[in-house]
Amino acid sequence: MPALDHPASAMLDLDSARRLACGLVAPIGDSESLDLAQATGRTSASSLRAEIALPRTARAAMDGFALRTADLDAGLTLAVAGTVAAGMQAPPLPEGAALRIFTGAQIPAGADAVVPVEEVTETGAEVQLTAAPAPGSHIRAVGSEQPAGGLLLRRGTRLRAHHIGLLASNGVARVEVVRRPRLAILSTGDELHRPEAAGSARDTMPDVNRPMLIALAQGAGAEVDDHGILPDEAEATVAKFASLQGRYDLIVTTGAVSMGGRDHLRPALLAAGGQIDGWKVALKPGKPVMFGRLGTAAVTGLPGNPFSAMVGFTLFVSAQIARLKGAVPAPLFHCAGRAGFDWTRKPGRAEIFPIRLGNREIDGLPVVHRLGEGTSATLFPLAEADGLGFVSAETTRVGVGTPICWQTFEAGAR
């Protein structure tokens with residue numbers, strides 16, 4: 001297989017690595033039409049504008065009485081001539097009278113104001129006002145909620161419940177969404193066994209990364225195929241890559257991407273006809289991340305240590321999935337906090353770590369506590385974590401009260 005160079009100075013900084021990762025994928029052009037009930041969480045394939053203004057007819061904004069303000073010149077007492085409820089065709093307003101009206105009901109022809117029920121006194125078949133309203137009071141005018149041609153949905157938007165409601169209010173029953181990105185996920189390592197495997201040898205370990213990455217990818221909106229555990233064999237790795245040609249938008253691997261004697265992933269990708277566009281990021285944990293291509297698919301190789309793999313997915317793969325869907329990748333570590341810990345560290349690589357939010361603030365910002373001891377091999381500190389924290393490569397010391405950037409776990413699944 002091809003020989004590889006390992007220049008010590010070849011590490012990418014975090015921003016450059018993320019730009020490279022996103023540059024290896026392009027928005028998916030395929031779309032499908034879905035019922036609104038099936039569209040939550042999917043990404044809109046096109047922008048959509050309102051065909052109508054809302055409300056289509058003027059409607060009452062309050063329970064009360066619809067009236068003609070000119071009729072109040074002769075006094076503040078009016079006869080009640082009937083009732084208008086939501087959903088019914090409003091009768092014309094008789095001259096010199098009021099109509100009882102309910103919120104959302106159509107404004108009767110001739111009426112130009114609604115007086116709330118709390119501001120009147122009812123006596124038999126009459127209603128007495130405390131003051132004359134201004135014309136237009138408590139009326140939702142035609143087009144006041146939404147203009148015709150107004151933007152309802154922007155291309156690349158992840159559809160949430162309020163988008164569904166807005167589309168439904170416009171009579172939209174189906175929406176065009178981007179095809180889900182197709183991902184292949186596989187683990188490497190002779191030492192791994194499936195978590196559910198019983199009676200595994202004592203010197204093996206459960207494959208943590210693959211089910212975790214599958215869950216992360218599905219949460220980010222991808223369609224995932226599980227390609228299991230690949231042995232530490234060069235020929236088998238080449239064959240696996242060859243079998244994936246032309247089937248996926250993104251191939252995500254974990255393990256075998258470093259420089260060990262059994263780390264066959266990078267030379268195997270080249271032997272299968274792929275290319276390597278970047279390798280190693282100035283990041284802790286997660287330095288040995290690989291970015292490449294195999295035919296039309298991007299390939300992202302993540303480290304084998306579980307926390308490193310999770311960090312790599314959060315920083316790079318989630319952004320690639322977002323771009324495939326036509327969305328803008330979520331900004332990283334955009335939340336502000338203050339450190340609730342002291343920490344001296346070696347500079348040179350940006351560092352990601354689990355954090356827990358305290359129950360107090362410093363200068364109006366939440367106190368952030370660092371969890372764990374910086375190891376990349378365990379997920380245990382995540383058991384009580386609220387998210388991930390970040391310090392730049394240049395940072396040498398963090399003291400109590402130092403500004404800290406952080407994000408929730410959900411931030412990457414935009």
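The crossing of helices α1 and α6 is right-handed, where right-handed means that the near helix is turned clockwise from the far one by less than a right angle, and left-handed means anticlockwise. The axes of α1 (residues 14-23) and α6 come within 9 Å and cross at roughly 35 degrees. Axes here are lines fitted to C-alpha atoms, for helices over the stretch in contact, with angles from 0 to 180 degrees between N-to-C directions. This is a predicted model, in which local features need pLDDT of at least 70 and side-chain atom pairs count only at pLDDT 80 or more, while totals for chains, interfaces and linings use all residues. Residues are numbered from 1 along each chain as its sequence is written, and side-chain values use heavy atoms, with hydrogens and water left out.

**Helix α1 against helix α6**

- Helices (H or I, at least four residues) and strands (E, at least two) are DSSP runs, numbered from the N terminus.
- Leu14, Ala17, Arg18, Ala21 and Cys22 of α1 meet Leu315, Phe316, Ala319, Gln320 and Arg323 of α6, where contact means heavy atoms within 4.5 Å.
- The residues in this contact of α1 with α6 divide into 7 nonpolar, 1 polar and 2 charged.
- For these classes, Ala, Val, Leu, Ile, Met, Phe, Trp, Tyr, Cys and Pro count as nonpolar, Asp, Glu, Lys and Arg as charged, and the others, Gly among them, as polar.

**Helix α3 against helix α6**

- Helix α3 (residues 209-219) and helix α6 (residues 306-324) have axes that come within 10 Å and cross at roughly 30 degrees.
- That angle makes α3 roughly parallel to α6, because angles under 35 degrees count as roughly parallel, over 145 as roughly antiparallel, 65 to 115 as roughly perpendicular and the rest as oblique.
- The crossing of α3 and α6 is right-handed.
- On the α3 side the contact is made by Asn209, Met212, Leu213, Leu216 and Ala217, and on the α6 side by Pro306, Ala309, Met310, Phe313 and Ile321.
- By class, this contact of α3 with α6 has 9 nonpolar, 1 polar and no charged residues.

- Asn209, Arg210, Met212, Leu213, Ile214 and Ala217 of α3 are buried; buried means under 20% relative accessible area, exposed over 50%, and partly exposed in between (1.4 Å probe, protein chains only).
- The cover over the buried residues of α3 includes β13 (182-188), β16 (223-230), β17 (250-254), β21 (297-302) and α6.
- After α3 comes Gly221, with a positive phi near 100 degrees.

- Ser44 lies in the loop between β1 (31-35) and β2 (48-49), and its relative accessibility is 0%, so Ser44 counts as buried.
- The side chain of Ser44 reaches the backbone oxygen of Arg154 at 2.7 Å.
- Beyond its neighbours within four places in sequence, Ser44 is in contact with residues including Leu153, Arg154, Glu176 and Val178.
- Thr237 is in helix α4 (residues 234-244) and counts as buried because its relative accessibility is 4%.
- Not counting residues up to four places away in sequence, Thr237 touches Leu230, Pro231, His264, Leu265 and Ala268.
- Leu294 lies in strand β20 (residues 290-294) and is buried, with a relative accessible area of 1%.
- Leu294 and Gly274 are 20 residues apart along the chain, and their C-alpha atoms are separated by 4.3 Å.
- Leaving aside neighbours within four places in sequence, the contacts of Leu294 include Phe241, Ile251, Leu269 and Val299.

**An exposed loop residue**

- Gly124 is found in the loop between β8 (120-123) and β9 (126-129) and counts as exposed, because its relative accessibility is 78%.
- Gly124 and Val80 are 44 residues apart in sequence and 9.0 Å apart in space, C-alpha to C-alpha.

**Backbone exceptions**

- Most residues other than glycine have a negative phi, and most peptide bonds are trans.
- Ala256 is not a glycine, yet has a positive phi of about 60 degrees; Ala256 sits in the loop between β17 and α5 (265-271) and is buried, with a relative accessible area of 13%.
- Lys280 is not a glycine either, and has a positive phi of about 80 degrees; Lys280 lies in the loop between β18 (275-279) and β19 and counts as buried at 9% relative accessibility.
- Leu54 and Pro55 are joined by a cis peptide bond with omega about -5 degrees, and Pro55 lies in the loop between β2 and β3 (59-60).
- A cis peptide bond also joins Lys284 and Pro285, with omega about -5 degrees, and Pro285 is in the loop between β19 (283-284) and β20.

How values were computed. A polar contact is a pair of N or O atoms within 3.5 Å; within protein, one must be able to donate a hydrogen and the other to accept it, and residues adjacent in sequence count only if both atoms are side-chain atoms.
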